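Please check each one against the display.

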Amino acid sequence: MAGHEFSHGVTSATANLQYSGESGGLNEATSDIFGTAVEWNANNAQDRGDYLLGEKIDIFGNGKPLRYQDKPSKDGRGSADYWSAGVGDLDVHYSSGVANHFFYLLSEGSGAKDINGVHYDSPTVDGSTVTGIGRVKAVQIWCKALTAYFTSTTDYHGAREGTLKAATDLYGANSAEAKAVDAAWAGVNVKP
């Protein structure tokens, strides 16, 4: 969770995403994404990398995480798996699910798999298959988009455009990475 909280400072110093509406969901998701990256990079044997958020603090007393990146609605509290016109009306912790799900799909792809002893099953909105490009590349793309293309009012469609530009900058317009960004956004219902 420390990586998550420190990442709010990074967001404030870069895109300065407003903490309401869709930009607020993107703000919260950015901290989840970077917090996940910190956890994987730490390579701590007592807290192995995963796509579960806040699982060690047990805030609810039932051993369940605060949020899930593979299928955000598993939290049972209304987190959005997919974009819809009303997603910006949700609390930012729940609207963040769209970007969290995008990040999981971009990193690992769709479908069922076990990673570091955790079972994930990440569906797309239309049943399409997304092939992941790995966490490192997914984080690089998100970071480039945050620092070069996102603004304080970026919404989910703007985030799609920003991450596509970032993937093009880093890997090329016709790269597998850029195609994966497009497919992952389509998988969470953020389409052109």
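1. The side chains of Arg135 and Glu108 meet in a salt bridge with an N to O distance of 2.9 Å, a salt bridge being a side-chain nitrogen of Lys or Arg within 4 Å of a carboxyl oxygen of Asp or Glu. Since Arg135 lies in helix α5 (residues 135-148) and Glu108 in helix α4, the pair ties together parts that are 27 residues apart in sequence. Arg135 is partly exposed, at a relative accessible area of 26%, whereas Glu108 is buried; here buried means under 20% relative accessible area, exposed over 50%, and partly exposed in between, with a 1.4 Å probe and protein chains only.

2. Please keep in mind that this is a predicted model, in which local features need pLDDT of at least 70 and side-chain atom pairs count only at pLDDT 80 or more, while totals for chains, interfaces and linings use all residues. Residues are numbered from 1 along each chain as its sequence is written, and side-chain values use heavy atoms, with hydrogens and water left out.

3. The structure holds seven salt bridges, and one of them joins Lys74 to Asp70, with the closest N and O atoms 3.0 Å apart. Lys74 counts as partly exposed at 37% relative accessibility, while Asp70, at 0%, is buried.

4. Arg160 and Asp182 also meet through their side chains in a salt bridge, at 2.5 Å from N to O. This pair links distant parts of the chain, with Arg160 in helix α6 (residues 156-171) and Asp182 in helix α7 (residues 176-187), 22 residues apart. Arg160 is buried, with a relative accessible area of 6%, but Asp182 is partly exposed at 33%.

5. Helix α4 (residues 97-108) has 12 residues and should span 16 Å at 1.5 Å a residue, which agrees with the 16 Å between its end C-alpha atoms; the expected span is 1.5 Å times one less than the number of residues. Of its 12 residues, 12 are buried, and the helix is followed by Gly109, whose phi is positive, near 90 degrees.

6. Ile33, in helix α2 (residues 21-42), counts as buried because its relative accessibility is 0%. Leaving aside residues up to four places away in sequence, Ile33 touches Gln69, Ala99, Asn100, Phe103 and Trp142, where contact means heavy atoms within 4.5 Å.

Notes. Helices (H or I, at least four residues) and strands (E, at least two) are DSSP runs, numbered from the N terminus.
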